[in-house]
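Colleague: I'd like to learn how to read a model like this one. Could you take me through it, feature by feature?

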Amino acid sequence: MNKKYNIWFLLFPFYLFSIVVIAFPLIYMVLLSFQTRADIWGVINEFTWKNYQDILQPTYLQTFVQSFKLALTSTFLISIIGYPFGYFMAKLSKKWKKRMLLLLMIPFWTSSLIRLYGWIIIFRTNGPLDQILMSLHLTKEPLRMLYTYPSVLIGMVYILLPFMILAVYSSAEKMDWSLIEAAKDLGATSFQAFCTITMKLTLPGFLSGIILTFIPSMGLFFVADLLGGNKIVLVGSIIQEQLLKVHNWPFAAALSVILMLLTTIMITLYKRISHSTELEGVL
């Protein structure tokens with residue numbers, strides 16, 4: 001009994017923190033999404049489905065579609081760049097692994113806003129990018145990259161790429177490389193060994209990287225605001241507008257609940273795929 005008491009005593013702060021900081025806000029957000037907006041300020045304690053019905057309006061549905069397309073495209077590009085980077089980084093020596101990890105972590109020591117302002121300087125008209133392209137005679141006149149879809153896409157990839165690299169690296173670094181050599185000794189080509197062994201063993205890390213990049217890219221409104229101006233509107237941008245400008249908190253809560261459901265679906269799919277992969281590895 002004394003040991004159980006000590007365990008509960010140690011776990012109590014953790015459970016208290018989880019309930020107060022995580023559970024209560026989520027429950028409040030769900031309840032708020034069914035409340036009625038007051039005429040001037042605040043909410044009225046009247047149950048309604050109107051907040052979720054408003055999401056079905058063409059304007060907001062188009063925003064969800066645009067956010068999903070941007071998240072899908074950015075995740076695809078991040079996967080193409082991040083998977084090989086994390087995989088080959090795991091094959092480096094210990095000395096170079098530490099150096100590469102340090103280079104990946106250094107940007108996290110600087111605010112994302114400051115780094116995005118650096119991209120604004122690069123993308124602006126007659127900026128460094130324009131000067132380099134015109135000096136190489138690749139363009140004849142300055143490009144209008146800033147406040148466009150490509151600039152937002154590049155910003156998303158830049159901000160979220162380290163998460164994919166670190167997720168893939170964590171899986172590949174734990175891999176038993178002797179399995180690859182054994183497969184080649186049995187007649188498998190390098191490509192066959194990669195598809196049958198490497199890809200399966202690194203799939204959990206790759207999927208976790210997709211989760212860490214796809215879900216945030218739908219709500220990183222500050223990237224769209226800084227690099228896209230008012231032309232690129234994400235779901236996170238609408239939530240910010242409803243909270244700070246329109247003061248329609250129930251509708252903002254309903255949008256947040258939808259994003260939370262999408263996040264839950266993605267995590268559930270990730271767990272199922274990871275579990276099936278582990279079973280195949282055991283068998």
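Colleague: Let's start with the backbone: which residue just after H10 takes a positive phi?

Modeller: Keep in mind that this is a predicted model. The residue is Gly 229, and its phi is about 65 degrees.

Colleague: And H10 itself, which of its residues are buried?

Modeller: Start with the general idea: an α-helix has 3.6 residues a turn, so residues three or four places apart point the same way. Now the case here: H10 covers residues 221-228, and its buried residues are Val 223, Ala 224, Leu 226, Leu 227 and Gly 228.

Colleague: What do the buried residues of H10 pack against?

Modeller: Two helices: H5, residues 112-123, and H7, residues 149-173.

Colleague: Zooming out, how many helices and strands does the protein chain have?

Modeller: There are 12 helices and two strands. For the order, read along the sequence: the pattern is α-β-β-α-α-α-α-α-α-α-α-α-α-α.

Colleague: What share of the contacts joins residues 24 or more positions apart?

Modeller: Counting contacts with a separation of 6 or more, that share is 68%. As for burial, 37% of the 283 residues in the protein chain are buried.

Colleague: What does the C-alpha trace span along its principal axes?

Modeller: About 80 × 75 × 35 Å. The accessible surface of the chain comes to about 18,000 Å², and 70% of that belongs to carbon and sulfur atoms.

Colleague: Last one, on charges: how far apart are the mean positions of the positive and negative ones?

Modeller: They are 7 Å apart, for 22 positive and 13 negative charges.

Notes: Residues are numbered from 1 along each chain as its sequence is written. This is a predicted model: local features need pLDDT of at least 70, side-chain atom pairs count only at pLDDT 80 or more; totals for chains, interfaces and linings use all residues. Side-chain values use heavy atoms; hydrogens and water are left out. Helices (H or I, at least four residues) and strands (E, at least two) are DSSP runs, numbered from the N terminus. Buried means under 20% relative accessible area, exposed over 50%, partly exposed in between (1.4 Å probe, protein chains only). Contact means heavy atoms within 4.5 Å. Accessible areas come from the Shrake-Rupley method with a 1.4 Å probe; for residues, only the protein chains shown count as cover. Lys and Arg count as positive and Asp and Glu as negative; His and the chain ends are not counted. The place of a charge is taken as NZ of Lys, CZ of Arg, CG of Asp or CD of Glu.
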